[in-house]
Amino acid sequence: MSPGMLKMWISVGGMALMFLAIITIYLSRYKLTGVLRFVTAILAYLFMIAAGLTLLIVFLT
């Protein structure tokens, strides 16, 4: 697999992580309550951080 194609797949993974982050942030803010709300919020922000780092690595290399 060429380096360009590998970068493409890594960036697609980063975008998928962003999509998961958006969905879990929405769930934690508007649909859930209690401990589950807190857990999904932490998970959402971890997804967002991982997506940001992934896309930053792709853009800078």
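Leu60 is part of helix α2, which spans residues 35-60, where helices (H or I, at least four residues) and strands (E, at least two) are DSSP runs numbered from the N terminus. With a relative accessibility of 68%, Leu60 counts as exposed, the classes being buried under 20% relative accessible area, exposed over 50% and partly exposed in between, for a 1.4 Å probe and protein chains only. The model is a predicted one, in which local features need pLDDT of at least 70 and side-chain atom pairs count only at pLDDT 80 or more, whereas totals for chains, interfaces and linings use all residues. Residues are numbered from 1 along each chain as its sequence is written, and side-chain values use heavy atoms, with hydrogens and water left out.

Leu60 also contributes to a nonpolar surface patch of about 1100 Å², together with Val35, Phe38, Val39, Ile42, Leu46, Ile49, Leu53, Leu56 and Phe59. Patches are made of residues with over 30% relative accessible area and no salt bridge, like charges being joined within 9 Å and nonpolar side chains (Val, Leu, Ile, Met, Phe, Trp, Tyr) within 5 Å; a salt bridge is a side-chain nitrogen of Lys or Arg within 4 Å of a carboxyl oxygen of Asp or Glu. Accessible areas come from the Shrake-Rupley method with a 1.4 Å probe, and for residues only the protein chains shown count as cover.

The protein chain contains 2 helices and 0 strands. Its radius of gyration, taken over C-alpha atoms, is 14 Å, well over the 10 Å that the globule rule gives for 61 residues, so the chain is more spread out than a compact globule; the rule is 2.2 Å times the number of residues to the power 0.38. Along the principal axes, the C-alpha atoms fill a box of roughly 45 × 15 × 15 Å, and 23% of the 61 residues count as buried.

An unreviewed UniProt entry lists residues 6-27 and 39-60 under "transmembrane region"; such positions are given in the numbering used here, feature names are shortened, and annotations may be inferred rather than shown by experiment. Residues 6-27 are 100% helix and 0% strand, with end C-alpha atoms 32 Å apart. For residues 39-60 the chain is likewise 100% helix and 0% strand, and the end C-alpha atoms are 32 Å apart.

A search of the whole structure finds 1 aromatic pair, formed by Tyr26 and Tyr30, which is tilted, at 5.4 Å centre to centre and 50° between the planes. Rings of Phe, Tyr and Trp (its six-membered ring) pair if their centres lie within 6.5 Å, and planes under 30 degrees apart count as stacked, over 60 as edge-to-face and the rest as tilted. Both tyrosines lie in helix α1 (residues 3-31), 4 residues apart, about one turn of the helix. Tyr26 is partly exposed at a relative accessible area of 43%, while Tyr30 is exposed at 59%.

Helix α1 also holds Ser28, which is buried with a relative accessible area of 5%, and Ala21, which is buried with 0%. The C-alpha atoms of Ser28 and Val58, 30 residues apart along the chain, are separated by 29 Å, and those of Tyr30 and Leu60, 30 residues apart along the chain, by 36 Å. Ala21 and Phe38 are 17 residues apart in sequence, with 14 Å between their C-alpha atoms.
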